[in-house]
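User: I would like to learn how to read the features of a protein model one at a time. Could you give me the general idea of each and then the case at hand?

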Amino acid sequence: MNTHIFYKYQGAGNDFIVFDNRNGAFDANNADLVRRLCDRRFGIGGDGLMLLQQVEGYDFEMVYFNADGREGSMCGNGGRCIVAFAQDLGIIGSETDFLAVDGVHHARMHDTVGWISLKMVDVSEIREEGDAYLLNTGSPHYVKQVVGLDTYPVVEAGRHIRYSNPFSKEGINVNFVEAEGDGYYVRTYERGVEDETLACGTGATAVALAMAKLNKVEGQVETPIRVAGGRLNIRFTKTADRFTEVFLEGPAEFVFKGEITW
Ligand SMILES: N[C@@H](CCC[C@H](N)C(=O)O)C(=O)O
C-alpha cells in the first residue's frame with residue numbers, strides 16, 4: 001500500500017480527479033482503480049480521471065479516463081482543467097501546447113481568473129440523421145433540438161439513443177439543445193459516465209457547430225452556451241462545411257487536494 005496525492009478540478013461542474021503522473025506511479029492500465037476512485041460513494045468521486053504525464057516535444061500529455069474506468073476520447077472541460085493544474089504545478093505559464101488523445105491542443109489562460117481558451121480539432125463532417133446531427137469534436141456527439149429542455153428526460157432519452165443501433169457498441173455522447181437568447185441551453189448524457197453531467201465541453205462545441213450548419217451561418221462565429229453547471233463560449237470559423245479555429249472557452253477551477261492509499 002502506498003499513499004498518493006490527488007487533486008480535484010471542475011470546469012462548469014464537469015468534475016475530475018487529477019494525478020501528477022510524471023513519475024509514472026499511476027498504472028494507466030488499472031481500469032478497476034480508476035472506476036473505484038471515480039465512484040461518488042466508495043471513492044473520491046468524479047465524471048472522469050486524468051493523468052498529467054511527461055511527453056517529448058510538448059509541455060505535458062493529458063490521459064483521460066471516463067468514470068467507468070475506460071480511456072475516453074477527448075474531454076474539453078478536462079482539457080481546460082488539466083491546463084489549470086499544469087499552471088498550478090508551475091509547469092506552464094499563461095499559454096501551453098499539450099498532447100491529448102486527439103492530437104495537439106493549444107490553450108491560453110485569460111486575465112479573468114480561471115477562464116481558459118482551449119483550441120479544439122477542426123471539423124469537416126457533420127452528418128444529418130433524421131432531425132439529429134452527428135459529429136466528432138474530439139469525442140463523438142449526437143445533437144438533437146428539443147422543446148422544454150428544463151424538464152426533458154435527458155437521462156432516459158440519452159441512454160436510449162446511446163444504447164441503440166448503430167451506437168450501442170462504441171457509445172456516443174447525446175446532447176439536447178434549445179435556443180436561448182443569442183445562444184443555446186444544452187444538457188448532455190455522457191457515455192462512459194452513463195449519466196447526465198453538469199457540462200460537456202466537446203458536447204457544447206458540437207452543439208455550436210451543428211447549430212451553425214442548421215442556421216447556415218458563415219464566417220467567424222461566437223456562440224454562448226448555458227449548461228447546468230455554468231457557462232461556456234464557443235468560437236470558430238465556418239467556411240462551407242468546414243470548421244476551423246475552433247475554441248472552447250470556460251472556467252477551470254481547483255476544488256481540493258487530498259491523499260489516498262491503495
Ligand atoms: N465522455 C466522453 C468524453 C468526455 C467529454 C467531456 N466531458 C467533455 O467535456 O468534452 C467520451 O469518452 O465519449
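**Reading contacts, sites and domains**

User: Which residues does Cys200 touch, not counting residues up to four places away in sequence?

Analyst: Two residues are in contact if their C-beta atoms, placed from the backbone, lie within 7 Å. Beyond residues up to four places away in sequence, Cys200 touches Asn14, Asn77, Asn173, Thr188 and Glu190. Keep in mind that this is a predicted model, in which local features need pLDDT of at least 70 and side-chain atom pairs count only at pLDDT 80 or more, while totals for chains, interfaces and linings use all residues. Residues are numbered from 1 along each chain as its sequence is written.

User: Where does Cys200 lie, and is Cys200 buried or exposed?

Analyst: Cys200 sits in the loop that runs between strand S13 (195-197) and H4. For burial, a residue is buried if 20 or more other C-beta atoms, placed from the backbone, lie within 10 Å of its own, exposed if 12 or fewer, and partly exposed in between. Cys200 has 33 C-beta neighbours inside 10 Å and therefore counts as buried.

User: Which residues does UniProt list for "active site"?

Analyst: The unreviewed UniProt entry lists Cys75 and Cys200 under "active site". They span 126 residues in sequence, yet no two of their C-alpha atoms are more than 7.7 Å apart, so they gather at one spot. UniProt positions follow the numbering used here, feature names are shortened, and annotations may be inferred rather than shown by experiment. Cys75 is placed in the loop between strand S4 (61-66) and H2, and because it has 30 C-beta neighbours inside 10 Å, Cys75 counts as buried. Leaving aside neighbours within four places in sequence, the contacts of Cys75 are Gly48, Tyr64, Gly201 and Thr202.

User: Which residues does the entry list for "binding site"?

Analyst: Under "binding site", the unreviewed UniProt entry lists Asn14, Asn66, Gly76, Asn77, Asn173, Glu190, Arg191, Gly201 and Thr202. Of these, Asn173 is found in strand S11 (residues 173-180) and is buried, with 27 other C-beta atoms within 10 Å. Among the residues that Asn173 touches, not counting those up to four places away in sequence, are Ser139, His141, Glu190, Arg191 and Cys200. Glu190 belongs to strand S12 (residues 183-190) and counts as buried, with 28 C-beta neighbours inside 10 Å. With residues up to four places away in sequence left out, Glu190 touches Asp47, Asn173, Asp195, Thr197 and Cys200.

User: Which residues come nearest to the ligand?

Analyst: A residue is near a molecule if its C-beta atom, placed from the backbone, lies within 6 Å of it. There are 18 residues around the ligand, and Gly72, Gly76, Asn77, Gly201 and Thr202 come nearest. Helix H2 (76-88) and helix H4 (201-214) each supply at least two residues of this shell. Sorted by class, the shell holds two nonpolar, 14 polar and two charged residues, where Ala, Val, Leu, Ile, Met, Phe, Trp, Tyr, Cys and Pro count as nonpolar, Asp, Glu, Lys and Arg as charged, and the others, Gly among them, as polar.

User: What does the domain assignment of the chain give?

Analyst: Domain bounds come from an automatic or database domain assignment, and here it gives domain 1 (3-120 + 252-261) and domain 2 (127-248). Their C-alpha centres lie 22 Å apart, and 22 residues of domain 1 are in contact with 23 residues of domain 2. On the side of domain 1 that touches domain 2, H2 and strand S7 (115-119) are the elements that give two or more residues, and H2 gives the most, with four residues. That side has six nonpolar, ten polar and six charged residues.
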